[in-house]
Structures are given as structure tokens and as C-alpha cells.
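These are my notebook entries on one structure, written down in the order in which I looked things up. I began with the ligand and then went on to single residues.

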Amino acid sequence: MPNVVSKNNPYLPQMGTIREIIQETPNIKTFRIVLDDPEQMAAFRFEPGQVGQLSVFGVGESTFVINSPPTRREYLQFSVMKTGEVTRALHRLCEGDPIGVRAPLGNSFPVEALKGKDILFVGGGIGMAPLRTLLLTMVDRREEFGDITVIYGARSPQDLCYRYEFDQWRAAGVNLVLTVDREFPGWEERVGFVPTVLAEEAPSPYNRVAITCGPPIMIKFVLAGLKELGYEDDQILTTLERRMKCGIGLCGRCNIGDTYVCVDGPVFSNTQLRQMVSEL
Ligand SMILES: Cc1cc2nc3c(=O)[nH]c(=O)nc-3n(C[C@H](O)[C@H](O)[C@H](O)COP(=O)(O)OP(=O)(O)OC[C@H]3O[C@@H](n4cnc5c(N)ncnc54)[C@H](O)[C@@H]3O)c2cc1C
Ligand code: FES
């Protein structure tokens, strides 16, 4: 698979340029990046769920999911929540600035195995980023999948990412259920925590796979809610955010027992997660 992880030196990033920056929420920005070498950009391939290391020169690099779908290859999109040194430096960058990219890294969602299934996405906050790449892949290959329901929540309306796309998702036949933690003036969608809305919506587990990503506390209650609705562990996929350094299975920073999240993940089924925890 052609990619921009150099075979000679896997730590060497490829040069890219920030084409566009979107302020998603007060602390999340989306970066649309184009690789400077047009041949490399044209040859770049990845699968939904794979990540990249973005580097700010002189500061460091951090891991982010490629949240544009492989079906749209004009640019690579990453959404970055400001948490620490590297993400603060990324937020200071401007359109036209250079940026380093090492990608694609890690495994991906099993798209082919999901064909013909109904899909439930359950996301919270920045957790919508890894879900977006798979959601848009399915939107672009709509006839290959059954019902697509998305339950997406954040603390407030202004904390929801990708608001400018919601109409397009709905127009593509996505059953989009939006929720915020409490009432806000002008908000006409659902109010309540994501796990509560999941229980109210109660999407049937029959022939369905659930994919969830969000803050750990949300995941905990969503997993319990899915169990309650009758979902089996192998019907539930999630992406693990484990601190990474090399991203290629060499440094030992990200492992849980024998599992290297950077190469064996970040996408895992609940069955795999339970096995990993029991082996610790
Ligand atoms: C597979 C994967 C995919 C990711 N995708 C995204 C994404 O699409 N968008 C996004 O905004 N972030 C994503 N992250 C998290 C992102 O990598 C971290 O927020 C980033 O590395 C923080 O770097 P920093 O130098 O700004 O923060 P630091 O100064 O290193 O840390 C600041 C604070 O954030 C915490 N932190 C740092 N890294 C992580 C982490 N990986 N998980 C949990 N807490 C962490 C630290 O403990 C500390 O409290 C992903 C992480 C992984 C492993
Ligand atoms: S990040 Fe180095 S081994 Fe996974």
C-alpha cells in the first residue's frame, strides 16, 4: 500500500501544507492538509480508522485519526482538540503553514465485514472524528449498508463538531439523533446524556453493529446500555486512545499486555478489549 511512512526511516515525516482550518468548537480545530509532493498525494491510500502523526516542527508530534473518508481524496482531514503542548502548537498554525505527516498508521474498521449490516454510531464530543471517516465512507457507498443511525452528543450545541455537515448527512439517509447535556435557547433537538438517549432510541441489535467513541465515562455507560439492548461483544467496535510515540510497534509506549495499540489497533471489538484486560 503506497503511503507516506518512509521505508528507509519510518520516523521521518512527509512534508504537507495546511490548506484550510475550520474552527469546529471553542477548543477543536479541523485541519485540511495536502502533501507537498503531488505524486505522493495522488498515491496516498488509507482505510477508515487509521491514524497519522502530525508534527509541528520544533515542538513535537501527536496522533490523530484521519477523519476524511478514503472515498474523498482531495485532502487529508484531522480534527484536533487542544489539550497540551503539541495540540496548542497545532492550534497556533495558520492556513499555508507547513506540517509534517506520518501516515497511515494502525488498523482500520472492518468495512467489508460491515456490508449489508445496519449500523449504529454512538459518539461524544471529539469522539465523532473517528466515526466521521467511516460514516462518510458508508454515505459514499450508501447502497452497500442498511440503516445508518448516528447518536451524537456534546455538552452544548457549540461543542458539536461538523455542524455544517448535519443536513448533508440527513439528506444521505442517515438517521441523525443529536443531543446536548441540558436545555439551550434555540436548541430544538434532544436533551440528555448520550447513554440516556441511546436507551430511549433503543436501536435493535438484530443484524446491527455498534461503533462508539467518546470520553471514557460515556463509553462505559454506552457499553452497558448496548449490553442492556442485547448487543453481543462482537457486535461492538470502539477505538482506543492510548498515548503513542513511534506509532509503528517499536518503542513499547502503547502496549496493553501483548497488544500494541499502534499496530494491532486503534480499532478493537469489545470481545478483543475484554480479552486484553483479562490477560493483564
Ligand atoms: C489512536 C489515537 C487517535 C487519536 N485521535 C485524535 C483525534 O482525532 N483528535 C484529537 O484531538 N485527539 C486525538 N487523539 C489524542 C491526541 O493524540 C492527544 O490529545 C495529543 O497527543 C495530546 O498531545 P499534547 O502534546 O497536546 O498533550 P500533552 O501535553 O502530551 O498532554 C496533555 C494532556 O492530555 C493527556 N493526553 C495526551 N495524550 C493523550 C491520549 N492519547 N489519550 C488521552 N489523554 C491524552 C495527557 O495525559 C495530559 O493530561 C488520539 C490519540 C490516539 C492514541
Ligand atoms: S507507539 Fe511505539 S510501540 Fe506503539
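**Entry 1: the ligand.** I started with the backbone of Glu85, where a polar atom is 3.2 Å from an oxygen atom of ligand 1. I then noted that the protein covers 73% of the 880 Å² of accessible area that ligand 1 has on its own, with areas taken from the Shrake-Rupley method and a 1.4 Å probe, and, for residues, only the protein chains shown counting as cover. Before going further I wrote down that this is a predicted model, in which local features need pLDDT of at least 70 and side-chain atom pairs count only at pLDDT 80 or more, while totals for chains, interfaces and linings use all residues. I also wrote down that residues are numbered from 1 along each chain as its sequence is written, that chains are lettered from A and ligands numbered from 1 in the order in which they are written, and that side-chain values use heavy atoms, with hydrogens and water left out.

Which other polar atoms of the protein did I find beside an oxygen atom of ligand 1? A polar backbone atom of Thr63 is 2.6 Å from such an oxygen, and a polar side-chain atom of Thr87 lies 2.5 Å from one.

**Entry 2: the shell.** I found 20 residues around ligand 1, and the closest are Thr63, Ser79, Met81, Thr87 and Arg243; a residue counts as near if one of its heavy atoms lies within 4 Å. By kind, the shell divides into 10 nonpolar, six polar and four charged residues. For this sorting, Ala, Val, Leu, Ile, Met, Phe, Trp, Tyr, Cys and Pro count as nonpolar, Asp, Glu, Lys and Arg as charged, and the others, Gly among them, as polar. Strand E4 (60–65) gives the largest share of the shell, four residues. Helices (H or I, at least four residues) and strands (E, at least two) are DSSP runs, numbered from the N terminus.

**Entry 3: Ser79.** I picked Ser79 from the list of closest residues and found its place in strand E5. Is Ser79 buried or exposed? Its relative accessibility is 6%, so Ser79 counts as buried, a word that means under 20% relative accessible area, with exposed meaning over 50% and partly exposed in between (1.4 Å probe, protein chains only). The side chain of Ser79 makes a polar contact of 2.7 Å with the side chain of Thr30, and another of 2.7 Å with that of Tyr162. A polar contact is a pair of N or O atoms within 3.5 Å; within protein, one must be able to donate a hydrogen and the other to accept it, and residues adjacent in sequence count only if both atoms are side-chain atoms.

I then listed two cis peptide bonds. One runs from Ala103 to Pro104, with omega near -5°, and Pro104 is in strand E6 (residues 98–105). Another joins Gly265 and Pro266, with omega about 15°, and Pro266 is in the loop between helix H7 (261–264) and strand E15 (267–269).

Entry 4: UniProt, in an unreviewed entry, places the feature "binding site" at Cys246, Cys251, Cys254 and Cys262; its positions are given in the numbering used here, feature names are shortened, and annotations may be inferred rather than shown by experiment. These residues are spread over 17 residues of sequence but cluster in space, the largest C-alpha distance being 10.2 Å. Cys246 lies in the loop between strand E12 (236–239) and strand E13 (255–256) and is buried at 2% relative accessibility. Leaving out residues up to four places away in sequence, Cys246 touches Tyr11, Gln53, Arg102 and Cys251, where contact means heavy atoms within 4.5 Å. Cys254 is also in the loop between E12 and E13 and is buried at 3%.
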